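Please open the entry in your viewer and keep the selection panel at hand. The tour goes from model confidence to aromatic rings and then to charges over rings.

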Amino acid sequence: YIRAFSLSFTNQYKKQSITHYFAKYQGFAYIYDIYENISDIYIAQERYTDSANILQDFIANNPLSIHSPKAELKIIEAWKKGGFYNNLRDALESFYVHYQPGSKYWDNPEHKVNIILVDENLRTYIVQMASYGHQKFQDKGQTQSFNIAKKWYERYLTDYSPYANQD
């Protein structure tokens with residue numbers, strides 16, 4: 001069922017058609033599953049930008065969905081697999097802004113279900129981005145790289161200081 005929906009939308013890809021279709025069916029239980037399946041089809045076809053775009057469309061139309069963190073993590077993976085590193089850095093920034101411990105997303109008690117998934121990934125990505133900026137600064141001595149490392153290290157210390165010795 002979900003695969004049939006997904007294939008139908010991938011064969012006539014227009015974000016507006018998917019958005020328009022689901023606007024008629026508010027509360028449809030499998031909206032995320034269809035978007036995710038479409039994204040997976042695009043990944044298999046090495047259409048990384050389409051994969052990320054379809055998930056961004058889901059998030060734009062369902063910003064407070066319980067599935068939004070999973071969608072953003074899949075976007076990150078799509079950019080990684082495709083080697084789109086500028087897009088990857090932007091996606092990591094977006095993920096941090098939307099799901100860091102003090103964000104509005106956590107105001108909804110239903111979202112606490114995602115806390116482990118988000119927390120583990122967020123901590124990992126913060127460390128990776130800080131290390132990336134640190135390494136780039138050591139290699140090239142650019143102020144921009146220093147600022148990237150500084151920003152992510154500060155975020156780490158703000159949100160994960162109890163793990164500092166462990167990480």
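The stops below say what to select and what is there.

**Confidence.** This is a predicted model, so colour the protein chain by pLDDT before anything else. The chain averages 88, and 96% of the residues score at least 70. Select helix H2 (residues 15-23): confidence is lowest here, at a mean of 71. Then select helix H5 (residues 68-82), where confidence is highest, at 97. Where pLDDT is low, the predicted coordinates should not be read in detail.

**Aromatic rings.** The structure holds eleven aromatic pairs. Select Tyr 99 and Tyr 105, one of these pairs: the ring centres are 4.9 Å apart, the planes stand at 85 degrees, and the arrangement is edge-to-face.

Are they buried or exposed? Tyr 99 has 3% relative accessibility, Tyr 105 has 4% and Trp 106 has 9%. Each value is under 20%, so each residue counts as buried.

Now extend the selection to Phe 95 and Tyr 125. Together with Tyr 99, Tyr 105 and Trp 106, they form one aromatic cluster.

**Charges over rings.** Select Arg 123 and Tyr 163. The charged end of Arg 123 sits over the Tyr 163 ring, 3.9 Å from its centre. Finish with Arg 155 and Trp 152: here the charged end of Arg 155 sits over the ring of Trp 152, at 4.6 Å from the ring centre.

How values were computed: Residues are numbered from 1 along each chain as its sequence is written. This is a predicted model: local features need pLDDT of at least 70, side-chain atom pairs count only at pLDDT 80 or more; totals for chains, interfaces and linings use all residues. Side-chain values use heavy atoms; hydrogens and water are left out. pLDDT is the predictor's confidence in each residue, from 0 to 100. Helices (H or I, at least four residues) and strands (E, at least two) are DSSP runs, numbered from the N terminus. Rings of Phe, Tyr and Trp (its six-membered ring) pair if their centres lie within 6.5 Å; planes under 30 degrees apart count as stacked, over 60 as edge-to-face and the rest as tilted. Buried means under 20% relative accessible area, exposed over 50%, partly exposed in between (1.4 Å probe, protein chains only). A charge sits over a ring if NZ of Lys or CZ of Arg is within 6 Å of the ring centre and within 35 degrees of the ring normal.
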